[in-house]
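Try each task first, then follow the solution step by step.

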Amino acid sequence: MRVVVLSGGSGTGIGFETAVSLCSSGARVILVCRNATRAQAAVAQIQQRTRYGSIEYVLGDLESVESVHHVARAIRERTQRVNVLVHNAGILYFGADELCANGVERALAVNHIGPLLLNKLVAPLLLRSARENGAARIVHVSSSAHHKGAWRLGAHCNPQQIRNMTQTPTPKYKNPIKRWLFNGYWRYADSKLFQLMSAIAFQESLSGKDAERIRTVCVHPGLVRSEIFDKIALMQPVLHLFPWLYISPRQAAEYVSAACISDDTSVLPSSQMRWTYLVRDKVSQVAACVRDPVRRQAVYHGSLQLVEHLGTK
Ligand SMILES: NC(=O)c1ccc[n+]([C@@H]2O[C@H](COP(=O)([O-])OP(=O)(O)OC[C@H]3O[C@@H](n4cnc5c(N)ncnc54)[C@H](OP(=O)(O)O)[C@@H]3O)[C@@H](O)[C@H]2O)c1
């Protein structure tokens with residue numbers, strides 16, 4: 001039975017529908033959720049909607065390094081191997097910068113730092129599975145918003161710079177209202193940029209047979225009508241007036257599930273390619289900054305050092 005670890009999945013969004021789809025394909029899905037009540041509700045609904053596979057959850061909050069370590073321990077207690085790791089959980093907030101208890105900007109913590117650590121801690125289980133079965137996959141639910149992310153960190157990108165991202169201003173709108181309106185979106189875009197750069201850098205850090213057996217697929221599923229926009233009051237009229245702009249979480253989940261399990265050449269166009277960036281089901285170009293190997297490595301190693309620093313506090 002294919003074992004899938006998927007972050008998020010509580011609620012009604014892309015993760016939840018992806019879990020339904022993967023369970024229906026016969027997989028054992030382990031959700032990583034921060035809220036026990038929502039996680040239990042999701043598990044009950046998924047069990048109702050599919051007769052195949054199996055579904056369970058572990059509790060953990062991606063905002064906290066300690067909690068991510070706890071999640072990894074809980075996963076190791078449940079399984080010896082992981083075939084697919086799906087980084088789905090994510091946030092977008094509105095207005096002024098929000099900080100986590102550890103001082104890291106919230107979108108960066110949930111969309112990039114938490115997943116980076118989870119990836120590192122679950123990697124041995126993925127590698128075991130890849131060595132036994134010949135393949136394992138890491139899927140990031142990415143976003144085309146990464147194209148709007150901006151490199152404002154100079155050449156070296158040390159952990160302090162990443163931690164103090166909020167001291168690097170988002171684009172300098174002179175109008176303070178405009179700055180406030182778009183601040184959350186720019187933070188989201190930066191976090192998705194770093195997530196994508198680090199995803200590729202992790203893949204590049206693998207060597208020999210491991211590099212051949214593990215594939216990283218980053219997928220932008222399209223604009224999806226989900227709870228992620230609930231906090232963005234301005235989006236509500238847009239969602240109602242232009243419903244054709246958005247696809248449903250169920251449609252989005254088709255793309256994410258395909259990224260997880262399909263061997264279709266649209267997902268993995270060539271056996272030589274170790275990572276792919278898809279927009280829905282089409283291979284697409286990543287932002288210029290992501291294509292720069294020096295910056296990719298800088299973000300990846302700088303972020304890993306930051307994780308270490310946060311973990312030792
Ligand atoms: N919607 C779009 O248009 C769109 C487009 C491109 C990419 N994406 C990406 O798709 C992914 C899923 O988003 P969605 O649209 O399905 O939104 P969603 O319905 O709001 O789902 C987000 C999920 O992330 C979980 N989560 C949030 N913060 C967390 C934390 N600190 N620790 C653990 N889990 C946390 C949420 O858990 P709770 O249930 O506890 O809140 C929820 O299950 C995100 O990575 C997003 O960036 C979305």
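A residue counts as buried if 20 or more other C-beta atoms lie within 10 Å of its own, as exposed if 12 or fewer do, and as partly exposed in between. Keep in mind that this is a predicted model.

**Exercise 1. Decide whether R225 and V224 are buried, partly exposed or exposed.**

Step 1: Find the two residues. R225 sits in the loop that runs between β6 (214–220) and α8 (235–241), and V224 belongs to the loop between β6 and α8 too.

Step 2: Take the count for R225. There are 18 other C-beta atoms within 10 Å, so R225 is partly exposed.

Step 3: Turn to V224. This residue has 21 C-beta neighbours inside 10 Å and therefore counts as buried.

Step 4: V224 and Q251 are 27 residues apart along the chain, and their C-alpha atoms are separated by 8.6 Å. For R225 and E308, 83 residues apart along the chain, the C-alpha separation is 36 Å.

**Exercise 2. Describe helix α4: where is its kink, and how many of its residues are buried?**

Step 1: Follow α4 through residues 106–133 until you reach V122, where there is a kink of about 45°.

Step 2: Count the buried residues. They number 20 of the 28 in α4, so the helix is largely enclosed by the rest of the structure.

Step 3: Go just past the end of α4. There G134 adopts a positive phi of about 90°.

Step 4: Compare α4 with helix α3 (residues 65–78). Their axes come within 10 Å and cross at roughly 25°. Angles under 35 degrees count as roughly parallel, so α3 and α4 are roughly parallel to each other. Their crossing is right-handed.

**Exercise 3. Work out how α1 is oriented towards α2 and towards α9.**

Step 1: Start with α1 (residues 14–24) and α2 (residues 36–49). The axes of these helices come within 10 Å, crossing at roughly 40°. That angle makes α1 oblique to α2.

Step 2: Move on to α9 (residues 249–261). It packs against α1 at an angle of about 60°, and the two axes are 8 Å apart. α1 and α9 are therefore oblique to each other.

**Exercise 4. Which residues are closest to the ligand, and how does the shell around the ligand divide?**

Step 1: The ligand is surrounded by 29 residues. The closest are G8, G13, A89, G90 and S226.

Step 2: Sort the shell by type. Eleven residues are nonpolar, 13 are polar and five are charged.

**Exercise 5. Is D190 buried or exposed?**

Step 1: Look in helix α6 (residues 176–205), where D190 is located.

Step 2: Use the count. D190 has 26 C-beta neighbours inside 10 Å, so it counts as buried.

Definitions and conventions. Residues numbered from 1 in each chain as written. Predicted model: local features only at pLDDT ≥ 70, side-chain atom pairs only at ≥ 80, totals over all residues. Bend = angle between axes of the 7 residues up to and from the residue. Helix = DSSP H or I, 4+ residues; strand = E, 2+ residues; numbered from the N terminus. Near = placed C-beta within 6 Å. Nonpolar A, V, L, I, M, F, W, Y, C, P; charged D, E, K, R; others polar. Axes fitted to C-alpha atoms, helices over the stretch in contact; angles between N-to-C directions. Parallel < 35°, antiparallel > 145°, perpendicular 65-115°, else oblique. Left-handed = near helix turned anticlockwise from the far one by under 90°.
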